[in-house]
Amino acid sequence: MLKLENVSKFYYNKGIIASGFTKVNLELKIGEFVAITGESGSGKSTLLNVISGLDSYEEGEMYINGKETSHYSERDFEDYRRKYIANIFQSFNLINSYTVYQNVELVLLLNGYKKHKVKKKILDIIDQVGLTKFKNTKVSKLSGGQKQRVAIARAMVKDTPIIVADEPTGNLDSESAKEVIKILKNVAKGKLVIVVTHNIEQVEEHATRIIKMHDGRIIQNTEVKKIKEEPEIQESEYNNISIFNKYRLGLRNTFNIASKFLLLFAVFFFISSAILAEYASFQMSEAETSDSGYSMAFSDLSENRVLINKKDRTSFTNEEYAKIKALPNIDYVIEDDVFVDTGISMMKDDINLYGDIQELDNFKGNLNFGRMPENEDEIILEINSEQFYVANRINDILNKTFSILKSQGVNAWSNETVKDVTIVGIKTFEDKNNYESTFYISKNVLGELRSDMNKNYSDVKILLNNKYEQYSLEPSDVVPIGKAVVDDEMKYQFKNYKIKNQPLHIYVQNIYYNDELNLTISDTYTKSTFKRLTGLDKYDNNRYKIFINKNDYDSLYNKPSYQSSVYVKDVEKIDDTIVELENLGLNPKKVTDFKVNQGEIYQTIIRIIKVIVTIFLIIVLFFISYLIIKIILKSRNVYYATLRMLGATAKNVRKILDIELFINSTLSYGILLGFIYMIKTNIINLEYISKITEYIGLKEYILMYVILIAMSKLISIKFARKVFKNTAINTYNEEV
Ligand code: ADP
Ligand code: MG
């Protein structure tokens, strides 16, 4: 049934050709018990491997049942092995983490047998090799002789016509060796058993044929006992492993080696938490940068605020306000935009009050102290009732005159006075979270304040003698309209010091409007003429200033409201609202557009670097984990090489590993999610983690799981490919 004709096996190793065996001729029949002997290195193992289809041959022809095999592919040899061959290896090749029963069962599961149908057969065979007591013992706990018997049981259970045993007694004491040979002899009925041994006496009484090898050649081939008649060959039947049994093996492999399970678990846990954390902290820093930023001109940077002014730069009419308020997404309109971003500060002795500004007409409700204003310099204060001055010093503020301080940009004041006002009425409110005060001020005083603010926010350029300078402009009741009075020192800029009657051009620009004024210099002041020419007392504070008539001054600064603020209800629809405002002939601009973040280019570069670093880190994390898993799986090479020898296909190996990694990664990810849930619900108190998890949504959690599954798949595909890259014996030897 098995015939070798001039078969030779060569090894190619780095350009050197070594001979395994040369020109072997052999014919073996079912029912024979063949003993092969010979010194070490004579080619016995190589011959067995070729006969088993575990290794290829280079020359001659091997026939099985009269069929040639020289053209066989790896796949054909796998089929050949499943049909004809059972191996017993010198080093057992058992799965140490499986029990005796599981080891014997494995070969049947891999060849498509149903679990429940094989139970009796397995127990029978375990009994035949005398291991019933140990059937549920892990192989790692058995002695050498017992392991060899498990290997025999595994070889017997599949019922192949050929059993090949390479030095099955090599590691055993003589007592165990005798028993093993006896078992093999019993098996040999109706099969072809080929045994390699050093010790010919052990097999002499059972062997039907003795073959002696020397230096890769057969030097003796003696049939010591004639077998009566050749029984019919029964090819071993096999199917593909069932899906159910793949899952069974995958599940068994997940947990059977605790250290490996924990390592894989830890790696999956590490990669998923690290990637999620990296992603979340990236998102968090993104969110923080978009929230940050400031503006020199606006303190209220609400997302729903839109600044509006008219395209022709005139002030708004009441009809226009009505139209704006009628738009669908408008929440409310603040007509005097200047006062949205600036509070005012007022002082009297040691008391300093600060608050927002409102028009007196907007005051609603009842006063708790004092009375309503009766002239334009009287104001109402709305204030938290717990505020110190209200709670303790009400008499020091009610009916007292305060100085409104000159504004110097957003929330900054000089100690110069703009206007004196008297607080005649106080309304208090109770609110634990709001300590902001509001001043209700008459329209006329607001006009003065606005004019002061316009001045403070304006860029003023004065063209004198064809040069732009930034002199300070001051109002005077004494200077005639259309004229300017300047410091006498300024005359030195002119030829012959002729400054009188020179033209003076004033140019004012701010975020609301531009304006200009042409004047003529009527006079220059010195210390002695200062009071007469300007109407002011203190000369010292007023050096190098330009005094103009109060009406001219007001024409530059005391403007009606050119700009208003619109607040939208739904920020998502803000762009639609902007289009609607444009259609009304307005210039709308989101206040957030005025936000600056420490230089746009710097920000963009930082962001690009952050994105690159995040992506890079995630990729690095992925591959570190991938490599660690590969290293962990290296310890599994023997297992999968053994599966291959027992009849598993590349697809089976891939699937079984895939299932193991799937179960492990899912378990690990599930526990991570459990952790995150407990942190989110404050069962575990980890503030930072709780904070960053807010930036991970369902989509990200699912994506992370997909990454884990993809990684598992990638690993199992690569791993299976590796296990099947070479001949079975090379794969196995590489790994051991
Ligand atoms: P035995 O089993 O009789 O001790 P082997 O069959 O293992 O002998 O080896 C036969 C010859 O083939 C030896 O010379 C050995 O060095 C060589 N050989 C075996 N395996 C390889 C291999 N993988 N690569 C190169 N030479 C090998
Ligand atoms: Mg050998």
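Buried means under 20% relative accessible area, exposed means over 50%, and partly exposed sits in between (1.4 Å probe, protein chains only). The model is predicted, so local features need pLDDT of at least 70 and side-chain atom pairs pLDDT 80 or more, while totals for chains, interfaces and linings use all residues. Residues are numbered from 1 along each chain as its sequence is written, and side-chain values use heavy atoms, leaving out hydrogens and water.

**View 1. K725, out in a loop.** Look for K725 in the loop between α22 and α23 (728–735). (Helices are DSSP runs of H or I with at least four residues, strands are runs of E with at least two, and both are numbered from the N terminus.) Is K725 buried or exposed? It's exposed, because its relative accessible area is 66%.

**View 2. I351, tucked into a strand.** You'll find I351 in strand β14 (residues 351–359). I351 counts as buried, because its relative accessibility is 1%. Leaving aside residues up to four places away in sequence, I351 touches M346, Y389, R393, D396, I397 and F402 (contact means heavy atoms within 4.5 Å). I210 is another story: 141 residues apart along the chain, I351 and I210 have C-alpha atoms separated by 119 Å.

**View 3. Helix α1, wrapped up by the rest.** Helix α1 (residues 44–51) has 7 of its 8 residues buried, so it is largely enclosed by the rest of the structure. The buried ones are K44, T46, L47, L48, N49, V50 and I51. After α1 comes G53, with a positive phi near 75°.

Conventions
Chains lettered and ligands numbered in written order.
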